Amino acid sequence: MSGERLFQIQRISGHPGTVPGYGTQRAVEVCKYVDVTTCIGCKACEVACVEWNDHPFRETSFDNTYQTMPSTEWNYYNLIKFAEHETNGNLMWLMRKDQCMHCAEPGCLAACPADGAIVQYQNGIVDFQQENCIGCGYCISGCPFDIPKFNMETKKVYKCTLCSDRVGEGLEPACIKACPTGCLHFGTKDDMVSMANARAQQLKKYSGFANAGVYDPQSIGGTHVVYVLHDITQPELYGGLPANPQIPFSYGIWKWLAKPLALIMAVLGILAIIFHRILIGPKVPQPEDVPPLTDHPDDGQAARKETP
Amino acid sequence: MSSAIDRFDEKMRRGIGRFGRTVVHKGELLRHPVYTRILHWLVAISFVLALLSGFAVFSPVLFPWITPLFGGGPTARFLHPWFSLAFVIFFFFQFLNWLHAMVWTDSDSRFMRRFKEYVTNSETLEPEDTGFFNGGQKLYFWAIVVSVILFLISGLAMWFDNIIPGILVAISYVIHDIAALIMLAGFIIHIYESTAQQPGTFRSMIDGTVTAKWAWTHHPGWYRAMTGRDPREDYERALRETERERGRIEEPEAGKL
């Protein structure tokens, strides 16, 4: 997909008129559409994810819900979060497909110090390259959605790839393919957002969900997974989806202040001592053992000439 | 408490001192015993390793340059906390060893006030009350103590980030960096002062000794305590002898050389 984009002609030398075919290719930003309101919690997407990524079934724990395990794991990228919510005596059983959101401004990527361990493709997919990962775990604290997970054995971090291997071949992600209700769709970001908006309008108009809306948080530049929620004002209900996800403020200080400052300080410090040595000179034990200056008067004069 | 530390230090100095020796020639003073020297270099080696591996992970600019020294990024990341732990442990012993000598005094406050004179070399000898360590050295020591505490707390949070809340881990990165900045600044100055800036200092950490001249120039108070002699008088006598050897009495004109 990015290959097609690379060879899309932008300008031509000595060519009259517009570039032939300009603008005929559509936007390449991809997106998952997740309609929480039509999810039935069948977990087909979980199985498809485990199957496609060739992960073994892992042990889980029972915590009185239908949820497969408490949170996503290094080899379990995709998890339906089940939440029971009561309003006005009515029970709402909320099921949200939790996975990497593929943020436009990824906190994990901002935090990562290792060259090439996290890449963001032009199509919006944020992908971990485990061969470059050094296992520092900075991405884990940088993620507002608690998605990257550490593997204690390989000392590397893993998360949903948005099936970049499938998308690169023109296929939709495995979870999308497995969904039986059509609550999952895959396409361009524009299409998915307009589809989600249309669905939210439908919910408002016909189903009585006055607060229905689309979750595409602009605080991190939007995400490449959008949710249609019954109640956009309370995303926390859906297994702790943050209303206003933020990359921790300290990252800004750390990345844009501390890191350059340290390098500048190191360079300035070394320059400072070099010039201190030249201009002010050493503190030599006194009295100094130096040959008398006046043995050769001409040399002495030469030395004096330099003094301003 | 303080006497228990002193007893421990004395025991270590005697115990470790048996493995090496310090030869003090005529006209020289013993500055650092074997125990101090061994501790210093253990601290130094573990600190430099921690610094390099830490900087590799700290800055994406330095990452491709420094990680190959440790066998790649994952190895640098793996080794960094262990180097650092060694540094903290060795420094703890150095802390006990030097705690007594590093107590802040009025003389050190005066040192801070005449910091400019010190940096610009405008005085021949240090003030008479400059003891075993001067104010700058003590400042560096206490800056390391503060940094080590910051390093250790934030470093443990980053090391065990699976059991520490994420926001504390995120704050720890910044605290760790602030500690590193303090250490880096002090470290650059420390290396400069002990080698190029003050000839005759480096040997005190290798052979353990310094010349009497060095002692009355940089630490007159310590010279007086060690020899019972007046540093200023000894300096002036040595000056007269040097002048006699040079075969001239008159000083070079001030400001002309």
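Buried residues account for 34% of the 308 residues in chain A of this predicted model. The chain has nine helices and 10 strands. Among its contacts with a separation of 6 or more, 59% are between residues 24 or more positions apart.

**Backbone details in chain A**

Let's look at a few places where the backbone of chain A is worth a visit. The peptide bond that runs from Gln286(A) to Pro287(A) is cis, and its omega is near -5 degrees. You will find Pro287(A) in the loop between H8 and H9 of chain A.

Two other loop residues have a positive phi. Lys155(A) is not a glycine, yet its phi is about 55 degrees. Lys155(A) sits in the loop that joins strand S6 (149–151) and strand S7 (156–158) of chain A. Cys163(A), also a residue other than glycine, has a phi near 45 degrees, and its place is the loop between S7 and helix H5 (164–167) of chain A.

Is Cys163(A) buried or exposed? Cys163(A) has 24 C-beta neighbours inside 10 Å, so it counts as buried; the cut-off for that class is 20 or more. Lys155(A) has 16 such neighbours inside 10 Å and therefore counts as partly exposed.

**Where the two chains meet**

Between the chains, 41 residues of chain A are in contact with 50 residues of chain B. On the chain A side, helix H4 (138–142), helix H8 (249–279) and helix H9 (297–305) each supply at least two residues. The largest share, 15 residues, comes from H8(A). By residue type, the side of chain A that touches chain B divides into 26 nonpolar, nine polar and six charged residues.

**Helices of chain B**

| Helix pair | Axes come within | Crossing angle |
|---|---|---|
| H1(B) and H2(B) | 8 Å | roughly 90 degrees |
| H2(B) and H4(B) | 8 Å | roughly 150 degrees |

H1(B) and H2(B) are therefore roughly perpendicular to each other. From H1(B), the contact uses Met12(B), Arg13(B), Ile16(B) and Gly17(B), while H2(B) brings Val34(B), Tyr35(B) and Ile38(B). These contact residues divide into five nonpolar, one polar and one charged.

How do H2 (residues 34–58) and H4 (residues 73–99) of chain B run relative to each other? With a crossing angle of roughly 150 degrees, over the 145 that marks the class, H2(B) and H4(B) are therefore roughly antiparallel. Their crossing is left-handed. The residues of the contact of H2(B) with H4(B) divide into 17 nonpolar, nine polar and one charged.

**A closer look at Leu79(B)**

Leu79(B) belongs to helix H4 of chain B. Leaving aside residues up to four places away in sequence, Leu79(B) touches Ser53(B) and Phe70(B). With 17 C-beta neighbours inside 10 Å, Leu79(B) counts as partly exposed. How many residues separate Leu79(B) and Ser204(B) in sequence? They are 125 residues apart in sequence, and in space their C-alpha atoms are 31 Å apart.

Definitions and conventions. Residues are numbered from 1 along each chain as its sequence is written. Chains are lettered from A and ligands numbered from 1 in the order in which they are written. This is a predicted model: local features need pLDDT of at least 70, side-chain atom pairs count only at pLDDT 80 or more; totals for chains, interfaces and linings use all residues. Axes are lines fitted to C-alpha atoms, for helices over the stretch in contact, and angles run from 0 to 180 degrees between N-to-C directions. Helices (H or I, at least four residues) and strands (E, at least two) are DSSP runs, numbered from the N terminus. Angles under 35 degrees count as roughly parallel, over 145 as roughly antiparallel, 65 to 115 as roughly perpendicular and the rest as oblique. A crossing is left-handed if the near helix is turned anticlockwise from the far one by less than a right angle, and right-handed if clockwise. Ala, Val, Leu, Ile, Met, Phe, Trp, Tyr, Cys and Pro count as nonpolar, Asp, Glu, Lys and Arg as charged, and the others, Gly among them, as polar. A residue is buried if 20 or more other C-beta atoms lie within 10 Å of its own, exposed if 12 or fewer, and partly exposed in between; C-beta atoms are placed from the backbone. Two residues are in contact if their C-beta atoms, placed from the backbone, lie within 7 Å.
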